[in-house]
Amino acid sequence: MTPNCVVTTSLKAGASLKERAVWFSRRLGVPLVPRKKLSLEAICAHYGVSGVLVVSADRVSYFSGGRELFFHPGMAVLRIKEIKAGKTDQMIKAMDLKRGDSLLDCTLGPGVDALVAAWVVGEE
C-alpha cells in the first residue's frame with residue numbers, strides 16, 4: 001500500500017530536526033524525504049502524495065491542499081507553568097485531581113484541559 005503522505009523538515013534543518021523527522025517517519029510508517037529547496041506542493045507532486053508532515057524548530061505541521069494543520073497547546077503551557085510554581089488551577093482543584101488519578105476528557109475540544117490534567121496525574 002502506497003502511503004498518502006511523507007515526512008520532511010523545514011528548509012534550514014539541523015541534525016536534531018532531522019532526527020525528529022526520522023522518528024516521525026518511523027512512527028508513522030511513511031517515507032522520510034529530503035527537503036532540498038522544494039516547495040511542499042512540489043514534494044507532493046514528485047512523490048504522488050496528498051500531504052507532507054513538516055518537522056520544524058517550533059512545531060510539527062501537516063500541509064495538504066495549500067493548508068497547514070498544526071496543534072497549538074493554547075493556555076495549557078501557561079496553566080502548567082502556574083501549577084509548577086505552586087499556584088492553584090481551578091479545574092484541577094474542582095476535580096481534586098492528583099498524581100495517579102485517571103481522567104477521560106469527552107468534551108471534543110482542542111484538548112487543552114486534557115493536557116493540563118495529564119500533566120497533573122502523570123503517566124501512572
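**Buried cysteines, salt bridges and a helix face**

Trainee: Why is cysteine 5 called buried?

Mentor: Buried means under 20% relative accessible area, exposed over 50%, and partly exposed in between (1.4 Å probe, protein chains only). Cysteine 5 has a relative accessible area of 14%, so it counts as buried. Cysteine 44 is also at 14%, so it is buried as well.

Trainee: What should I keep in mind about the model itself?

Mentor: It is a predicted model, in which local features need pLDDT of at least 70 and side-chain atom pairs count only at pLDDT 80 or more, while totals for chains, interfaces and linings use all residues. Residues are numbered from 1 along each chain as its sequence is written, and side-chain values use heavy atoms, with hydrogens and water left out.

Trainee: How do you know whether cysteine 5 is bonded to cysteine 44 or too far for a bond?

Mentor: A disulfide is a pair of cysteine sulfur atoms within 2.5 Å. The closest cysteine sulfur to that of cysteine 5 belongs to cysteine 44 and is 9.1 Å away, so the two are too far apart for a bond. Accordingly, the search of the whole structure finds 0 disulfides.

Trainee: What makes glutamate 68 and arginine 59 a salt bridge?

Mentor: The term asks for a side-chain nitrogen of Lys or Arg within 4 Å of a carboxyl oxygen of Asp or Glu. Here the N to O distance is 3.2 Å, so the pair meets that definition. Glutamate 68 is partly exposed at 31%, and arginine 59 is partly exposed at 29%.

Trainee: How many salt bridges does the whole structure hold, by that search?

Mentor: The search finds 5. Among them, lysine 87 meets glutamate 82 at 3.3 Å, N to O, and lysine 98 pairs with aspartate 96, their closest N and O atoms being 3.3 Å apart. Glutamate 82 is partly exposed at 30%, as is lysine 98 at 44%. Arg79, Asp89 and Asp113 are linked in a network of salt bridges.

Trainee: Which residues of helix α5 are buried?

Mentor: In α5 (residues 112-121), they are Val112, Val116, Ala117, Val120 and Val121. Helices are DSSP runs (H or I, at least four residues), numbered from the N terminus.

Trainee: How do you know where on the helix they lie?

Mentor: Take the directions from the helix axis to the C-beta atoms. Seen down the axis of α5, the buried residues fall within an arc of 160 degrees, so they line one face of the helix.

How values were computed. Helices (H or I, at least four residues) and strands (E, at least two) are DSSP runs, numbered from the N terminus.
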